[in-house]
Amino acid sequence: MTKLSSFARATAVGAALVLSAGVANAAATLTFAGGTGGLTAGQTNYANFNTGPGGTFGSYVTSGTAGLYTGTTSIAAQPAFGDQGDQYFAVIGGGSATFSFGAAGASQFGFDLGSADDFNDLLITFVGGGTQLFSGAGLNPPGPASGNQNIAATNGRVTIFGNGQAIASAKFASRGNSFEFDNIGVTAVPEPATWAMLILGFGVMGGALRRKSRVAFGTRAALV
């Protein structure tokens with residue numbers, strides 16, 4: 001069993017406090033990459049809404065009118081970037097769809113956004129409680145959220161980062177026609193053992209630095 005110096009233990013405790021403080025205080029952040037689609041680095045497929053081999057639909061609950069669509073209809077249009085010609089998901093005015101990411105939640109998730117509108121709302125719920133709302137042009141900053149079905153400014157990849165808070169679910173809602181999206185991807189929350197190893201690593205590095213400084217000081221003293 002590795003024995004840590006008091007300095008290393010203090011470093012580990014400090015790192016744990018920093019991590020816990022981050023969990024308590026951090027807000028989720030959002031990035032939008034216009035003109036791109038599909039899973040981004042570090043994400044695994046959660047719901048791509050395809051009906052072919054390997055197609056997945058995730059775990060979701062709907063209210064009002066929300067479900068699978070193909071192509072452009074009178075009330076919905078496929079996101080302009082990402083998979084084309086397959087199924088996507090659309091929430092029609094007054095409806096909603098809530099996707100749940102399991103008991104542990106996700107550290108981040110993303111989706112292909114189609115024709116962003118001012119009346120689109122995304123409500124994030126965190127594991128352990130608390131929510132955060134992204135609405136209108138907040139989903140495709142800096143906007144516009146004009147409903148254009150073709151341009152990169154309103155069609156692209158949205159990624160939500162929990163910043164230390166595990167994301168339990170995402171509720172897609174719309175006050176008008178419509179909120180279209182595809183290719184939901186998630187990044188799992190690190191296992192507790194992973195966090196423990198990271199904290200232990202901080203402590204070991206701190207102890208090594210302290211020992212190195214002692215050796216350097218002893219060498220200088222011997223030369224005086």
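Is Arg 175 buried or exposed? I looked it up: Arg 175 counts as exposed, at 54% relative accessibility. My cut-offs are under 20% relative accessible area for buried, over 50% for exposed and partly exposed in between, with a 1.4 Å probe and protein chains only.

Notes on the model. I am working from a predicted model, where local features need pLDDT of at least 70, side-chain atom pairs count only at pLDDT 80 or more, and totals for chains, interfaces and linings use all residues. Residues are numbered from 1 along each chain as its sequence is written, and side-chain values use heavy atoms, with hydrogens and water left out.

Salt bridges. I searched the whole structure and found two. I count a side-chain nitrogen of Lys or Arg within 4 Å of a carboxyl oxygen of Asp or Glu.

Entry one pairs Arg 157 with Asp 112, with 2.8 Å between the closest N and O atoms. Arg 157 sits in strand 10 (residues 156-161) and Asp 112 in strand 7 (residues 106-114), so the pair ties together parts 45 residues apart in sequence. I took strands as DSSP runs (E, at least two residues), numbered from the N terminus. Both Arg 157 and Asp 112 are buried.

Entry two pairs Arg 175 with Asp 121, again with closest N and O atoms 2.8 Å apart. Arg 175 is in the loop between strand 11 (167-174) and strand 12 (179-188), and Asp 121 is in strand 8. Asp 121 counts as buried, at 14% relative accessibility.

Gly 129. I placed Gly 129 in the loop between strand 8 (120-126) and strand 9 (131-135). Gly 129 is partly exposed, at 42% relative accessible area. Its C-alpha atom is 8.8 Å from that of Ala 168, 39 residues apart along the chain.

Technical notes:
Helices (H or I, at least four residues) and strands (E, at least two) are DSSP runs, numbered from the N terminus.
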